[in-house]
Amino acid sequence: MDAEGSLCQALYDFIPEPGEQGLAFEAGDFVRVLQTAEDGWWEGERAGGSRGWFPATYVQLVEEENQTEVQNHPSDAQPIRSPSPGQQETLPPGWQVFLSPDGRPYYVNRQTSETSWDAPVTPGSPVSPTTPTKKQGYDVIETDGEQKTPEKTPDQDDKILQSPKKVTAPSTPSSSSKQLKETPKSESMPNIKSPDTKGTEQNNVVNHLTFPPSSSASDQKLLKPGDYSYCDYFWTDKGNLPGFHVLLEKQLQGKQMTKEMAEYFTERAAAEEAYARTLTRLSQNLLASQEEGTLGDSWSEVKKSIAQEAEVHHRFSLKVQDDIVKPLAQFRETFKKDMKKMEQHIADHRKQIQQKYQGINKAKAALAERQKELDQKLQKHKTEEELKKARRKSTAAGDSLLKSVEQYNISQSKWFEEMVSSTLELERLEGERVEMVTGQLKKYVSLRRDVDKERGQVLASVEDKIGEISPDSDRERFVKAHGTGQVRPVDYKLA
């Protein structure tokens, strides 16, 4: 359901800070949404014409089929409230009872904006028999000496109900904790496990990261289904090694492979250059240089072809060095810098998450201590002033816990975004590396073919000369050049 243009109803009171362009309202008021922002704030207009911004977590959208009825009969619209039987009459002046989004009653003082899960007591009156008291970690409702079904209360080890991708809306109202304008929408106030979620399976916190329970883990959709993308498969740690580090090790190994390829082709080029020098020296050898005739011509062609082959291998050596080795070395240095930058960013985010999680544990301990103090005062039937002071401390501790959880979720969300962007960047860099190395290998094959082609041309001329070798022709050439006379001797005769 699109929020813009829709009608929403306030879940809690909202009073903007002085100087802010906020829209004040009370729980149960109706607001028309004018526009929404990605930071989790909406602009709205009330029936009287007042306009301003407010946190989206403080309201809920009215179903489309009910919006027409609310517009036609605005006076019939009632706040989201549900007083317990016989309890409305005993509330002190200014107090009202409402229902939280999860159906739990809570109490709001419209004069002081104080909120409380416990029913307020009129000054001077005894503690109500329906006041919740804590026994062995449970909220127990006592009525005429009987106990209703107990509900488990959150303890020190309760996990945060939050997923890496989406943070749910708060179930605890607070007048002092207001969503900051700079907070992204996807990082709105988190949800803390409340006492009435006894049957809810807890999330798993592993190395300060929060993961969904195993029963709902399969509900998560892959970011890039069917691609086996790195951004979908390296979220958990492998022992003490972060998942991103496992992926980074693969990339660093690829960088090492690129380095070794450059070293290999450097040696290959050196071998070609050494071979070229050897061929050049061999072509200048004078052995068998006095051979004559067509055989001598062929031998001279062989030595000439060796000199030509030496030049071919010399050019091949230079091309391997310039066209293959240098690009591989340059790419490796750039790849190395990118790896270090991403590794540092991810490590910094993990440190922040660890710090925020430690802050949650401290806030939990403080809240438990404040709740313990409040329970003790309730059991000792302290004065209303002392109870109000204890409730304010408990509410402040709860607000501090909510803020700590919010900061943790924001840190984890930033880490999540950095993980997605970094893993996708690793995919891109890896693709570039593979593509670049593949190009260099193809270039090497092409150079080798050029060498073989030139060597083939050189050998072709040698083969032609060898085909011209003829002993008869050589004999004729030798006779003509060196013959001493064709008149043969005859028998001696006496005169």
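Me: How many helices and strands does the secondary structure of the protein come to?
Reply: The secondary structure comes to six helices and 15 strands, and what you are looking at is a predicted model. Of the 495 residues in the protein, buried residues make up 39%. The accessible surface comes to about 29,000 Å², and 51% of that surface belongs to carbon and sulfur atoms.

Me: Among contacts between residues at least 6 apart in sequence, what share joins residues at least 24 apart?
Reply: That share is 65% in this protein. Pro-120 has its place in the loop between β8 (115-116) and β9 (133-135).

Me: Is Pro-120 buried or exposed?
Reply: Pro-120 has a relative accessible area of 7%, and because buried means under 20%, Pro-120 counts as buried although its place is in a loop.

Me: Which strands form the open sheet, and in what order?
Reply: The general idea is that strands of a sheet pair through backbone hydrogen bonds, either parallel or antiparallel. Here five strands form an open sheet in the order β4-β3-β2-β1-β5, and the pairing is antiparallel. The edges are taken by β4 (51-55) and β5 (59-61), each of which has a single partner strand, so one side of each is left without a neighbour in the sheet. On average, and with direction ignored, neighbouring strands of this sheet are turned by 45° against each other.

Me: How many bridges join β2 and β3, and how many join β3 and β4?
Reply: Strand β2 (residues 30-36) pairs with strand β3 (residues 41-45) in the antiparallel sense over four bridges, and in this pairing Thr-36 has Trp-42 of β3 as its bridge partner. The pairing of β3 with β4 is also antiparallel and runs over five bridges, with Arg-51 of β4 as the bridge partner of Glu-45. The hairpin of β3 and β4 has five residues between the strands, and in this hairpin Gly-49 takes a positive phi near 100°.

Me: How many of the five residues of β4 are buried?
Reply: Four of the five are buried, so that β4 is mostly covered by the under 20% cut-off, even though β4 stands at an edge of the sheet.

Me: Which residues have the most contacts inside the largest nonpolar core?
Reply: In soluble globular proteins, nonpolar side chains tend to be buried together. The largest nonpolar core in this model has 26 residues, and those with the most contacts inside it are Trp-235, Phe-244 and Trp-415. Two or more residues each come from β15 (209-211), α3 (243-283), α4 (293-379) and α5 (384-467), and α5 gives the most, with ten residues. Leaving aside its neighbours within four places in sequence, Trp-235 is in contact with Leu-209, Phe-211, Trp-415, Phe-416, Met-419 and Val-420. There is also a second, separate core of 18 residues, which includes Tyr-12, Phe-14, Leu-23 and Trp-53.

Technical notes:
Residues are numbered from 1 along each chain as its sequence is written. This is a predicted model: local features need pLDDT of at least 70, side-chain atom pairs count only at pLDDT 80 or more; totals for chains, interfaces and linings use all residues. Side-chain values use heavy atoms; hydrogens and water are left out. A nonpolar core is a set of buried Ala, Val, Leu, Ile, Met, Phe, Trp, Tyr and Cys residues joined through side-chain atoms within 4.5 Å. Buried means under 20% relative accessible area, exposed over 50%, partly exposed in between (1.4 Å probe, protein chains only). Contact means heavy atoms within 4.5 Å. Two strands pair if DSSP finds at least two bridges between them. Axes are lines fitted to C-alpha atoms, for helices over the stretch in contact, and angles run from 0 to 180 degrees between N-to-C directions. Accessible areas come from the Shrake-Rupley method with a 1.4 Å probe; for residues, only the protein chains shown count as cover.
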